[in-house]
Amino acid sequence: MLHEVNFQSFNQRDQVHGWIYVPACKPKGIVQIIHGFGEHSRRYLHMIVSFMDAGYIVAADDHVGHGKTAMANDTWGDWGDAGCHTMMEDEHKLHDLVVEKYPDLPYFLFGHSMGSFITRDYAAKYGDHLAGITICGTAGIFRGADTAETALQKAVDDGKGKESDPQFTAELLGWMCERCGDVSIGNEWICADPYVQKDHAEDPFDAFTKPTTNQSLLYFVQMMQVIIGTQWAEKVPTDLPIYNIGGDQDPVGEYGKGVYEVSNWLYQTGHSVTTKVYSGYRHEIHNYASIKNDVEAGIIQFMNHVLD
C-alpha cells in the first residue's frame, strides 16, 4: 500500500510532498528515510523495498527546495526563511502524520548525508519518541564550514540572500573530488560507479546541479554547526540506540575521521553507538551494487536487534 501525503512546511510557505510505503504484512516498526542535499527520496527505492520486505513501514518526503516539493512549489534551491531547523521540523511533522495513521509502532530514522545532519538535530530535540537512528555518510567538523558561514552571512546581510552565487557552492563543496582522479561530471565523490554518477546528474528531480540560494546555503552550514561536539551529543537521549555508518573514501566524513568524531562525541556523553566504516567506498555506500544489500541488511539487523 502507498499513501501520498503533503503538509505545510515549517517555513509556512511550501507544501511538503511525502510518501508512506506499507508492506503487505503485519508491520513491526516504522522507518523514516531522510535524504541528502540536492537529491530526493525516490533515490532510496532499493532501500525502501528492502525495509518493507523486512516488515517495516517506510516514510519519506522531499525536503523544501528539493525534488517533488520544489517542483510543485516552484522553489528549487530555496528553503524559505525559517532557519536551519526547517527540514528537521518538517521531518517531525511527517513523523506525526505517520504515527496518526499507524500508532503504537517503534519508530526509527535513517538519514544520509545532510539527512544525517537532520537526523542528529531531530534526535537532540525529539529523540525521546524514537526507537533508534541510523546516520549514514555523516560529518564531524566539516571542512571550511566556519569560513563559509561568515561569507554567507555577509551576503545575506547585504541583501543577497535570495541570489545564488556559485562561488559559495564551489568553495563549500568543490574540493570533494580531490581523491577521485579524472573528474568529468563533478559528482564523482558520491560513488565510484559511473552509472550512479550519471543517474544522479541526469535525474530531473535532483536539485544537486540547480542553484541553491545564498540564504539556503547559510542554513545548510548552520545545520552542520548545531550538531557539533559533546554540546550536541549531550542533548541526545542516552538510551537511544545509534548506528553510525560510512565509507572511508567519503570526503563528507573526512575519509572516516568525521564518522569516528561523531561516535566519540556520543561515547563521551554516555551513549551506546555501533560504528561501521566500509573500506574503499565513497559517500553513497547504499548505492554500490557490491555492498548495498549488506548495507541495508546491517541497518535491518540493527533495528531488529533493538526490537528483540
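The model is predicted: local features need pLDDT of at least 70, side-chain atom pairs count only at pLDDT 80 or more, and totals for chains, interfaces and linings use all residues. Residues are numbered from 1 along each chain as its sequence is written, and side-chain values use heavy atoms, with hydrogens and water left out.

Start at His-112. This residue sits in strand S5, residues 107–112. Strands (E, at least two residues) and helices (H or I, at least four) are DSSP runs, numbered from the N terminus. His-112 counts as buried because its relative accessibility is 1%. Buried means under 20% relative accessible area, exposed means over 50%, and partly exposed lies in between (1.4 Å probe, protein chains only).

Now move to His-200. Helix H7, residues 194–202, holds this residue. His-200 is buried too, because its relative accessible area is 4%. Neighbours within four places in sequence aside, His-200 is in contact with Arg-43, Asn-187, Ile-190, Asp-206, Phe-208 and Glu-284.

Next come the loops. Asp-74 is found between helix H2 (67–73) and helix H3 (86–101). Its phi is near 55 degrees, a positive value in a residue other than glycine. Asp-74 is exposed, because its relative accessible area is 65%. Glu-254 lies in the loop between strand S7 (242–247) and helix H10 (257–268). Glu-254 is not a glycine either, yet has a positive phi of about 50 degrees. With a relative accessible area of 21%, Glu-254 is partly exposed.

Finish inside the protein. How many cavities of 30 Å³ or more does the structure hold? There are three. A cavity is a set of points, on a 1 Å grid over the protein atoms alone, where a 1.4 Å probe fits but cannot get out; lining residues have an atom within 4 Å of a point. The largest cavity has about 160 Å³ of space. Volume here is the space filled by probe spheres set on the points, which are joined across faces, edges and corners. The lining has 19 residues, and Phe-37, Ser-113, Trp-189, Phe-208 and His-283 lie nearest the centre.

Technical notes. Contact means heavy atoms within 4.5 Å. On a 1 Å grid over the protein atoms alone, a cavity is a set of points where a 1.4 Å probe fits but cannot get out, and a pocket is an open set with protein on both sides within 12 Å along at least five of seven lines; lining residues have an atom within 4 Å of a point.
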